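Here is a short report on one protein model and its ligand. Look at the ligand first, then at the chain around it.

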Amino acid sequence: MKKTTGMDRAATRKWRPATQAVRGGTWRSEHGETSEAMFLTSGYTYDDAQTVADRFAGDADGMTYSRLQNPTAAMLEERIALLEGAEACRAQASGMAAMTAALLCQLSAGDHCVAARAAFGSCRWLVDSLLPRFGIETSVIDSADNDQWEAAIQPNTKVFFFETPANPTLDVVDLQHVCDLAKAHGIITVVDNAFASPALQRPMEFGADVVAYSATKLMDGQGRVLAGAICASEEWITETLMPFQRNTGPTISPFNAWVVHKGLETLSLRAHHQSRSAVALGEFLEPRVLKAGGHMRHPGLPSHHRHNLALAQMEATGPIFAFDVGTRQRAFAILDAMELIDISNNIGDSKSLMCHPASTTHANMGEDARSEMGVTEGLLRINVGLEDIADLTEDLDRALAAAGI
Ligand SMILES: *Cc1c(COP(=O)(O)O)cnc(C)c1O
């Protein structure tokens, strides 16, 4: 099969991100289709017995089984790697499949993992509940405090694991500081970059080793499929991830891979537009929320304690922010009064969505862990979509008034 436009791959690597988003990882069949084809196949056939023997032996290129390789998944992997500036990428069935694989493929009993306290609920479950079951020690720290990273290092520390900005408290991690510290101690950094996407933040530019994604969020961007991805060096993907991936099978379906692949073509446009709208909506909300005794958690606003750092390490601050209105009752009143913005716990969507993390995405963790990470009873998280900002403002204006704010 002829790849891309027939140019050699080294030449396509030089394209800039906006070009990669629509051209990277395009493999054309003999039909010359403009839109990438979808290969819904679980297996492959071979012209002769030696061909398949060579492929299984690793002596010849070519696909053998869709748990291991699929052309549609491979196109997605190539496009994400090019956008990320990574040597290699493996797509995953979901964001949690990606996080689980990125940690379990490299950690063993006796190792130690330092993780951010502010994190997506299931990511915290991996750290608090799953890893310890296999004899892997974990420490949870305030990721926005640079000193806590160093203080948590032990002789057996193998991995740093964090999100930035974090779900749902929007804590921002100092990528350069934490990646430098990890490098100095031979520690592998695993960054969950779901909130930013490669359009807004590329952690590898700061020295991150592994960047993992929920591609369900901004990459798909239209709330259609679950997907994930892991980016790293070719060597790490081949030697550390692949033995785990091949044999445990957190593989993406070709259909989902195709949907995300097409989603990437508009990723940058969406991410930047939604970021601008999120800042505008944040600016509108802030005085009302402050007056009612609440507070904002928005890296795009000067009131965020790491606003300058966020601007320095991100191209834009993303579509998601949170704000605290004091009580669950008020938070629910706002949710129930909205007419345009949907109540939904998804994010990264082109539709504006709002949820109450304490009773949804972070309901499973104990109340202590919740309050420690700042997931308060009055906290609301919003994903700002592509609707007209005036309509979004009017909807929130009315919803706040209905809640007495
Ligand atoms: C949604 C999310 C995940 C999990 O991704 P799924 O695709 O839902 O499995 C992991 N990390 C972060 C930061 C997320 O927002």
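## Ligand contacts

An oxygen atom of the ligand lies 2.8 Å from a polar backbone atom of G95. A polar backbone atom of M96 is also 2.8 Å from an oxygen atom of the ligand. D192 uses its side chain: a polar atom there is 2.6 Å from a nitrogen atom of the ligand. The protein covers 92% of the 380 Å² of accessible area that the ligand has on its own (Shrake-Rupley method, 1.4 Å probe). A polar contact is a pair of N or O atoms within 3.5 Å.

This is a predicted model; local features need pLDDT of at least 70, side-chain atom pairs count only at pLDDT 80 or more, and totals for chains, interfaces and linings use all residues. Residues are numbered from 1 along each chain as its sequence is written, and side-chain values use heavy atoms, with hydrogens and water left out.

## The shell and the pocket

Which residues come nearest to the ligand? Of the 15 around it, they are G95, D192, S214, T216 and K217. A residue counts as near if one of its heavy atoms lies within 4 Å. The shell holds seven nonpolar, five polar and three charged residues; Gly counts as polar here, and Asp, Glu, Lys and Arg as charged.

The ligand sits in the second largest pocket. A pocket is an open set of points on a 1 Å grid where a 1.4 Å probe fits, with protein on both sides within 12 Å along at least five of seven lines. To sit there, more than half of a molecule's atoms must lie within 2 Å of the grid points.

## An aromatic pair

The whole structure has three aromatic pairs (ring centres within 6.5 Å). W149 lies in helix α7 (residues 146-152) and F160 in strand β6 (residues 157-163), so the pair ties together parts eleven residues apart in sequence. Helices (at least four residues) and strands (at least two) are DSSP runs.

Most peptide bonds are trans. The bond from T164 to P165 is cis, with omega near -15 degrees. N167 and P168 are also joined by a cis bond, with omega about 0 degrees. P165 is in the loop between β6 and α8 (175-184), and P168 is in the loop between β6 and α8.

Technical notes:
A polar contact is a pair of N or O atoms within 3.5 Å; within protein, one must be able to donate a hydrogen and the other to accept it, and residues adjacent in sequence count only if both atoms are side-chain atoms. On a 1 Å grid over the protein atoms alone, a cavity is a set of points where a 1.4 Å probe fits but cannot get out, and a pocket is an open set with protein on both sides within 12 Å along at least five of seven lines; lining residues have an atom within 4 Å of a point. Rings of Phe, Tyr and Trp (its six-membered ring) pair if their centres lie within 6.5 Å; planes under 30 degrees apart count as stacked, over 60 as edge-to-face and the rest as tilted.
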